Amino acid sequence: MNHRIQIITGHYGSGKTEFAVNLALKYAAAGEKTALADLDIVNPYFRSAERRSLLESHGIRVIATSFSGIMDVPAVSPEVMAIFDDSSYRGIIDLGGDPEGAHILGRYEHQLAREGFDLLCVINANRPETNAAYKAQSYLEAIEASCGQKITGLINNTHLCRETSYEDIIRGAKLVDELSKLTGLPVVWHAVESKFVDQVKNQLGKGDILPIEIYMCKPWEVDL
């Protein structure tokens, strides 16, 4: 579960973009040449390209829409091909989470067929659409049908934005464990805000912990 290309999907509000940004920063900090492509052309909020300055300051190449993330249009920069064609990159793709957004992955069917990749789905147990294993399973199936690829792993990113508690994270771990048993998919990561890591590190079961910082703040939270 550590292919050169990692594609991150997840329901609106799951925190998939937060996870993608933190994952890119993790690889860059480890000295890997990293590129993050924002392919979420459906949701106009919480775009990874909004953190271009932060990411580029860590040496990460940011690939956004053809308008560099300034305008939301159903177009993708041809720069995305660099992730597939240049094997020196650790490529992370922030994919649209709903089936409509995931559909764009079909454009890269031939590239994906020749390249190993992980398609990881972020689950937030506090979202009504994925707050039970059977609901989350239906959601995974809809994503797979839309993008034409199989999801290969699960990410627990259960949160309530700034109201998150460590109990939320543990409850999310239990849900993704149940989902893992239903689907046969491995739990790859638990995204855990750094301040909670010590409280939960022995209570999450299978999957690695990715300590995260909160970068994708709502505009009214910037000064909180």
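Mentor: Start with Cys161, which is partly exposed at a relative accessible area of 38%. On that scale, buried is under 20%, exposed is over 50% and partly exposed is what falls in between, using a 1.4 Å probe and protein chains only. Keep in mind that this is a predicted model, where local features need pLDDT of at least 70, side-chain atom pairs count only at pLDDT 80 or more, and totals for chains, interfaces and linings use all residues. Residues are numbered from 1 along each chain as its sequence is written, and side-chain values use heavy atoms, with hydrogens and water left out.

Cys161 sits in the loop between strand S6 (153-156) and helix H7 (166-183). Those element names are DSSP runs numbered from the N terminus, with helices being H or I of at least four residues and strands being E of at least two. The backbone is worth a look too: Cys161 is not a glycine, yet its phi is positive, at about 55°. Most residues other than glycine have a negative phi. For a glycine with a positive phi, look just after H1, where Gly31 takes about 90°.

On to the sulfurs. There are zero disulfides in the structure, a disulfide being a pair of cysteine sulfur atoms within 2.5 Å. Cys121 is in none, and its nearest cysteine sulfur, that of Cys147, lies 10.0 Å away. Cys121 is buried, with a relative accessible area of 0%. Cys147 is likewise in no disulfide, the nearest cysteine sulfur being that of Cys121, and Cys147 is buried at 5%.

Now the sheet around them. Eight strands line up as S3-S2-S4-S1-S5-S6-S7-S8 in an open sheet with parallel pairing; two strands pair if DSSP finds at least two bridges between them. S3 (61-63) and S8 (208-212) are the edges, each with a single partner strand, so one side of each has no neighbour in the sheet. On average, neighbouring strands are turned by 25° against each other, direction ignored. As one example, S2 (residues 34-39) and S4 (residues 90-95) pair over six bridges, with Leu39 opposite Leu95.

H1 touches S1 (5-10), S2, S4, S5 (117-123), S6, S7 (187-193) and S8, and its direction makes about 170° with that of S4. H6 (residues 133-147) touches S1, S5 and S6, at about 140° to S5. Axes here are lines fitted to C-alpha atoms, for helices over the stretch in contact, with angles from 0 to 180 degrees between N-to-C directions, and contact means heavy atoms within 4.5 Å. Twelve of the 14 residues of H1 are buried, including Phe19, Leu23 and Tyr27.

Thr130 is buried at 3%, and a polar atom of its side chain is 3.0 Å from the backbone oxygen of Asn124. Leaving out residues up to four places away in sequence, Thr130 touches Ile123, Asn124, Ala125, Lys135, Ala136, Tyr139 and Leu175.

For scale, the chain has eight helices and eight strands, and 54% of its 224 residues count as buried.

How values were computed:
Polar contact = N/O pair within 3.5 Å; in protein donor to acceptor, adjacent residues only side chain to side chain.
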